[in-house]
Amino acid sequence: MHIPDGFLSLAISAVTYVISILIVGFSLRKIRGGLDERMIPLTALLTALLTALFFAAQMMNYPIVGGTTAHLLGGAALSLILGPWTGCICMTVILVLQCFLFGDGGITALGANLLTMAIVGVFLPYIIYNATMRVSGSLVLSCALGAFIGDVAAAITAGVLLGLSAPIFQYGLEIAVPAMALNHSVIGAGEAVVTAVLIPLLIKAKPELLSLSPWLGGQGHLEKVNAK
Amino acid sequence: MKAFMTNRNIAVGLVAAALFVTLGTYVFGYSMETLDVKAEHLGMEAKSLFPSPFPEYIVPGLESDVANLLLGLISTLVVFGVAWVVLKTLSRRGVKASGV
């Protein structure tokens, strides 16, 4: 889903840079203000470990439809384990290093890539998870739906940005959006399965890991989930 | 969390990351994403305005699986280090700013 240089119009690049800088900056402020001093060393280690794990997981490409491949994004899992603010920063670290070290995603498209994968792909799963949990009370369904919709929405956002960049990107919205959404729904299904297995396993085995997540770790939510 | 973040568990996490990198190098290395295919149909080429040191996750001039594996492992450690420094720096500033 990483958009390279030369695919986006100047206006789209500029707007997405501004939006992403604002939201990433706000996430940094939320993290600054929200940490317990005694937990800082452990929080930094856990965050670094999960960032490295999902960076490594993104190196595995698996075949999907039409001769294309895909890899996990991990935005949903990071968001649910660490909370959306920290999850956003983890994905930002991954995307910035991928851009500058490996040329995976263009420097002019970094704002757009942050918007799709570190913002939409991280915050939306969290919102969907919360809403589904309130309605259904099912942890597995909430994790799966959050991950699936987060992935597909991130792809649709990328499709919209590319479509709006026509004629630089020569497909308009009517082709770019469905193409991205269709292929990434397969990726979303894989992400949904991984997230729906991983999060309940972590809650059962290592609930203390989720203490950074304001929803999963707070509000007595773990006790409610474990009581079911 | 304190009970979980032991040296042993951190090592287990890093070994798991190394396993992902190894699988990504030897088994799941081929990449052709949707956007690559669409761009190919259009005859568009992904230009890079900023010359990255390791384009396409390979070491230029050392295009072997072993070199790619080493690059993947080292870059995973770099990601670990950068994320750790970001969180540590931010946290320390936050603590100072809040006067704790």
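This is a predicted model: local features need pLDDT of at least 70, side-chain atom pairs count only at pLDDT 80 or more; totals for chains, interfaces and linings use all residues.
Residues are numbered from 1 along each chain as its sequence is written, and chains are lettered from A and ligands numbered from 1 in the order in which they are written.

Helix H6 of chain A covers residues 139–164, and its axis lies 7 Å from that of H7(A), at an angle of about 155 degrees. Axes here are lines fitted to C-alpha atoms, for helices over the stretch in contact, and angles run from 0 to 180 degrees between N-to-C directions. The crossing of H6(A) and H7(A) is right-handed; a crossing has that hand if the near helix is turned clockwise from the far one by less than a right angle, and is left-handed if anticlockwise. By class, the contact between H6(A) and H7(A) has 25 nonpolar, six polar and two charged residues. In this scheme Ala, Val, Leu, Ile, Met, Phe, Trp, Tyr, Cys and Pro count as nonpolar, Asp, Glu, Lys and Arg as charged, and the others, Gly among them, as polar.

Chain A as a whole has eight helices and two strands, where helices (H or I, at least four residues) and strands (E, at least two) are DSSP runs numbered from the N terminus. Along the sequence the pattern is α-α-β-β-α-α-α-α-α-α. Of the 228 residues in chain A, 58% are buried. A residue is buried if 20 or more other C-beta atoms lie within 10 Å of its own, exposed if 12 or fewer, and partly exposed in between, with C-beta atoms placed from the backbone. Among contacts in chain A between residues at least 6 apart in sequence, 71% join residues at least 24 apart; two residues are in contact if their C-beta atoms, placed from the backbone, lie within 7 Å.

One residue of helix H1 of chain A is Tyr17(A). Tyr17(A) counts as partly exposed because it has 17 C-beta neighbours inside 10 Å. Tyr17(A) is 40 residues from Ala57(A) in sequence, and their C-alpha atoms are 26 Å apart in space.

Chain B has three helices and zero strands, running α-α-α from the N terminus. Of its 100 residues, 26% count as buried. The average pLDDT of chain B is 80, and 83% of the residues score at least 70; pLDDT is the predictor's confidence in each residue, from 0 to 100. Within chain B, confidence is highest in H1(B), at 87, and lowest in helix H2 (residues 34–42), at a mean of 73. For the model, ipTM is 0.83 and pTM is 0.88.

The two chains meet through 57 residues from chain A and 55 residues from chain B. On the side of chain A that touches chain B, the elements giving two or more residues are helix H1 (10–34), H2, strand S2 (69–70), helix H4 (84–102) and helix H7 (173–205). The largest share of that side, 15 residues, comes from H2(A). By class, the side has 36 nonpolar, 16 polar and five charged residues.

Helix H2(A), residues 40–57, packs with helix H1(B), residues 7–26: their axes come within 8 Å and cross at roughly 15 degrees. That angle makes H2(A) roughly parallel to H1(B). The crossing of H2(A) and H1(B) is left-handed. From H2(A), the contact is made by Leu45(A), Leu49(A), Ala52(A), Leu53(A), Ala56(A) and Ala57(A). From H1(B), the residues are Ile10(B), Gly13(B), Leu14(B), Ala16(B), Ala17(B), Phe20(B) and Val21(B). The contact of H2(A) with H1(B) has twelve nonpolar, one polar and no charged residues.

The loop between H2 and helix H3 (65–97) of chain B contains Glu56(B), and Tyr57(B) lies in the loop between H2 and H3 as well. Most residues other than glycine have a negative phi. Phi of Glu56(B), however, is near 60 degrees, a positive value, and phi of Tyr57(B) is near 65 degrees, also positive. Glu56(B) counts as exposed, with 12 C-beta neighbours inside 10 Å, whereas Tyr57(B) is buried, with 21 other C-beta atoms within 10 Å.

Note on methods:
Angles under 35 degrees count as roughly parallel, over 145 as roughly antiparallel, 65 to 115 as roughly perpendicular and the rest as oblique.
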